[in-house]
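Dear colleague,

Please look through it before reading on.

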Amino acid sequence: MAIKPKSITTDGKREMTMQEFRTWLGRFDTDKDGKISRQELSDAVRGAGGRFAWWKCRQGLRSADSDGNGYIDANEINNLVDFAQKHLGVRIVNF
């Protein structure tokens, strides 16, 4: 399942709102616990067409998981947004 961008900017980044990002990410929350595991994040990166999904997943989890429990929860989503904007070619915009 790919990221459905609002638009692609001149620098090639996919634009989406925060709500669209949360909705897209939620599709990979296979156990519906409200948290994103390493495997779920890997599936999301791979689904977005990302190369080196295992590496980006590991780096994304390290970057976003501020409490070190191995999951990205609602309190850490902004950390994941920062990572996605820097490393996954995504731009979060306010519409």
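In which hand of crossing, left-handed or right-handed, does H2 pass H3? Before the answer, please keep in mind that this is a predicted model, and that the values in this email were computed from it.

The crossing in which H2 passes H3 is right-handed. Helix H2 covers residues 38-47 and helix H3 covers residues 53-64, and the two pack with their axes 9 Å apart and at an angle of about 125°. Because angles from 65 to 115 degrees count as roughly perpendicular and those over 145 as roughly antiparallel, this angle makes H2 oblique to H3. On the side of H2, the contact is made by Arg-38, Leu-41, Ser-42, Val-45 and Arg-46, while H3 brings Ala-53, Lys-56, Cys-57, Arg-58, Gly-60 and Leu-61 to it. Sorted by kind, the residues of this contact between H2 and H3 comprise five nonpolar, two polar and four charged.

Leaving aside residues up to four places away in sequence, Ser-42 touches Ala-53 and Cys-57. The relative accessible area of Ser-42 is 7%, and Ser-42 is therefore buried, since buried means under 20%.

To set this pair of helices in its context, the protein chain holds four helices and three strands, and, read from the N terminus on, its elements follow the order β-β-α-α-α-α-β. The protein chain has 95 residues, of which 40% count as buried, and its accessible surface comes to about 5,600 Å², with 49% of that belonging to carbon and sulfur atoms. Among the contacts in the protein chain with a separation of 6 or more, 50% are accounted for by residues 24 or more positions apart.

A second pair of helices is formed by H1 (residues 18-26) and H4 (residues 77-87), whose axes come within 12 Å and cross at roughly 100°; that angle makes H1 roughly perpendicular to H4. Here Met-18, Phe-21, Arg-22 and Leu-25 in H1 meet Ile-77, Asn-78, Leu-80, Val-81 and Ala-84 in H4. The residues of the contact of H1 with H4 divide into seven nonpolar, one polar and one charged.

Helix H4 is also the place of Asp-82, which is partly exposed, with a relative accessible area of 40%. Along the chain, Asp-82 and Ala-64 are 18 residues apart, and their C-alpha atoms are separated by 8.3 Å.

Two further residues deserve a mention. Thr-17 has its place in strand E2, which covers residues 14-17, and Thr-17 is buried, with a relative accessible area of 13%. Lys-32, for its part, lies in the loop between H1 and H2 and is exposed, with a relative accessible area of 61%. The phi of Lys-32 is positive, at about 55°, although Lys-32 is not a glycine.

With kind regards

Definitions and conventions: Residues numbered from 1 in each chain as written. Predicted model: local features only at pLDDT ≥ 70, side-chain atom pairs only at ≥ 80, totals over all residues. Heavy atoms only, no water. Axes fitted to C-alpha atoms, helices over the stretch in contact; angles between N-to-C directions. Parallel < 35°, antiparallel > 145°, perpendicular 65-115°, else oblique. Left-handed = near helix turned anticlockwise from the far one by under 90°. Contact = heavy atoms within 4.5 Å. Nonpolar A, V, L, I, M, F, W, Y, C, P; charged D, E, K, R; others polar. Buried < 20%, exposed > 50% of the residue type's maximum accessible area, 1.4 Å probe, protein only. Areas by Shrake-Rupley, 256 points an atom, 1.4 Å probe, with all protein chains shown as cover.
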